Amino acid sequence: MYELVIVQHQQPPPADTRTRVLDAAEAIVQARGVPALTLDATARAAGVSKGGLLYHFGSKEALVEGLMARLSEFVAAQFEAAFGATPAGPAHTARALLAWEFDSDYASDARINRACAVFLLAFNHDPALLDPIRAVFDGIRARLRQDGLPPGHGQAIMAACDGLFMAHLFRMYTPDMAEKNALRQALETLL
């Protein structure tokens, strides 16, 4: 005798409309470039009416502002997670930057991989739209100044980490593990 077993899979709740619109906009820019982003294309990709999109984002500029705000919150949360996981002590911020860059697997994180599209979109639309992300990095730089490192050491660590991240985002190059280990060791000498 066979017994019928019903397996219920719990699906994640559907994303709210605002999130679907932001996700769709990122995906359009990543796949087809900045010029492809229109409100109509975004509404179609998000599966909402244009009116539904306009309810959340009254213009293309508002949509780009929403993308940058979300990206800034995400980047700030990622850094805070690295900072919180780094033991307190001298050079806490600089060590958190190193951990954020070298210990996280952002190469496989789709959200981070879409960040490039948002950076390009905001810069192309209006460079002032990058102000929220600039504020996040200004905050990190302010914390670096409190780390107690000799002048320039924390900033050199941050600049190197930013450079590696941008190389990843723009697919300029990918250092192999030996190169990454050597670079980390060189940066740790600044601590």
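Let's start at Leu71: setting aside its neighbours within four places in sequence, this residue is in contact (heavy atoms within 4.5 Å) with Arg111, Ala115, Val118, Phe119 and Ile133. What you're looking at is a predicted model, in which local features need pLDDT of at least 70, side-chain atom pairs count only at pLDDT 80 or more, and totals for chains, interfaces and linings use all residues. Residues are numbered from 1 along each chain as its sequence is written, and side-chain values use heavy atoms, with hydrogens and water left out.

Back to Leu71. Together with Leu63 and Leu97, Leu71 has the most contacts inside the largest nonpolar core, a set of 54 residues. Such a core is made of buried Ala, Val, Leu, Ile, Met, Phe, Trp, Tyr and Cys residues joined through side-chain atoms within 4.5 Å. Buried means under 20% relative accessible area, exposed means over 50%, and partly exposed lies in between (1.4 Å probe, protein chains only). At least two core residues come from each of H1 (17–32), H2 (39–46), H4 (60–85), H5 (92–102), H7 (115–125), H8 (131–145) and H9 (153–169). These helices are DSSP runs (H or I, at least four residues), numbered from the N terminus. Helix H4 gives the most to this core, ten residues. In soluble globular proteins, nonpolar side chains tend to be buried together.

Leu120, Phe170, Met172 and Tyr173 make a nonpolar surface patch of about 410 Å². Here, a patch joins nonpolar side chains (Val, Leu, Ile, Met, Phe, Trp, Tyr) within 5 Å, or like charges within 9 Å, using residues with over 30% relative accessible area and no salt bridge. Leu120 sits in helix H7 and counts as partly exposed because its relative accessibility is 41%.

Over in helix H8 you'll find Gly139, which is partly exposed because its relative accessibility is 33%.

The loop between H4 and H5 holds Ala91. Ala91 has a positive phi of about 60 degrees, though it is not a glycine. Most residues other than glycine have a negative phi. With a relative accessibility of 4%, Ala91 counts as buried.

How far can you trust all this?

Definitions and conventions:
Areas by Shrake-Rupley, 256 points an atom, 1.4 Å probe, with all protein chains shown as cover. Salt bridge = Lys/Arg side-chain N within 4 Å of Asp/Glu carboxyl O.
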